Amino acid sequence: MKIFNLSHVQLNSSDVERSRTFYEKAFGGKVVTTIMAKDGSAVRGYMVEIAPGSTLEIQPPRFPLTGKTSAWNTIAIETDDLEAACAKAEAAGGRREVGPMKSMMGDTPILNAVIIGPDNEHIELLQMI
């Protein structure tokens, strides 16, 4: 079996419109799919592309295929300018929890910070150094 890539990360959101707006403003996200209710009567969520091939699925806090909730609560976004990314996320309503701090990802030195998003999600911003 071959794994090709990570398709997307799902964010359990209490307000999908607020979260969509935050990820558009903070990270230049673009809605690539609007997820409708089964009967087509209302918007249920969004697929927001953060960067080519990196998509965030924003839905209410219940996985639609099983009806259960999930423990996933972090998304990591790589940037080439950590401070600028933090400032943009804060201007969009995020709150910096920690960082920047130097760390290692395997053998690669990085700078990283954690922003708290509109649903108290952890957004790790990282920059390779």
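Modeller: Two strands count as paired if DSSP finds at least two bridges between them. Keep that in mind for this predicted model, and ask away.

Colleague: Then what makes β2 and β3 a pair?

Modeller: Strand β2 (residues 30-36) and strand β3 (residues 43-51) share six bridges, and the rule asks for at least two, so they count as paired. Their sense is antiparallel. One of the bridges joins M36 to V43 in β3. The two strands form a hairpin with six residues between them, and G40 in the turn has a positive phi of about 75°.

Colleague: How do you know that β3 also pairs with β4?

Modeller: By the bridge count again: DSSP gives five bridges between β3 and β4 (residues 54-59), running antiparallel, against a requirement of at least two. E49, for instance, has T55 in β4 as its bridge partner. Here the hairpin has two residues between its strands, and G53 in the turn shows a positive phi of about 85°.

Colleague: Let's move to the sheet with β5 in it. Why do β5 and β6 stand at the edges?

Modeller: The sheet is open, with four strands in the order β5-β8-β7-β6 and mixed pairing. β5 (74-78) and β6 (95-105) each have a single partner strand, so one side of each is left without a neighbour in the sheet. On average, neighbouring strands are turned by 25° against each other, direction ignored. Inside this order, β7 (residues 108-116) and β8 (residues 122-128) pair in the antiparallel sense over seven bridges, with N112 opposite L126 in β8.

Colleague: And where do the helices lie?

Modeller: Helix α1 (residues 16-27) lies across β5 and β8, at about 15° to β8. Helix α2 (residues 82-91) packs on the sheet and touches β6, β7 and β8, its direction making about 10° with that of β7.

Colleague: Back to α1, then. Why is F22 called buried?

Modeller: Its relative accessibility is 3%, and the cut-off for buried is under 20%, so F22 qualifies. Y23, at 1%, counts as buried on that basis too.

Colleague: Why is the pair of Y23 and F27 called tilted?

Modeller: Their planes are at 35° with the centres 5.9 Å apart. Stacked needs under 30 degrees and edge-to-face over 60, so this pair is tilted. Being four residues apart in α1, Y23 and F27 are separated by about one helical turn, and both are buried. Ring pairs link F22, Y23 and F27 into a cluster.

Colleague: Last one: how do you know that the charged end of R20 sits over the ring of Y46?

Modeller: That charged end is 5.3 Å from the ring centre, where the rule asks for CZ of Arg within 6 Å, and also within 35 degrees of the ring normal. The contact is classed as sitting over the ring.

How values were computed: Residues numbered from 1 in each chain as written. Predicted model: local features only at pLDDT ≥ 70, side-chain atom pairs only at ≥ 80, totals over all residues. Heavy atoms only, no water. Axes fitted to C-alpha atoms, helices over the stretch in contact; angles between N-to-C directions. Contact = heavy atoms within 4.5 Å. Buried < 20%, exposed > 50% of the residue type's maximum accessible area, 1.4 Å probe, protein only. Phe/Tyr/Trp six-rings, centres within 6.5 Å; stacked < 30°, edge-to-face > 60°.
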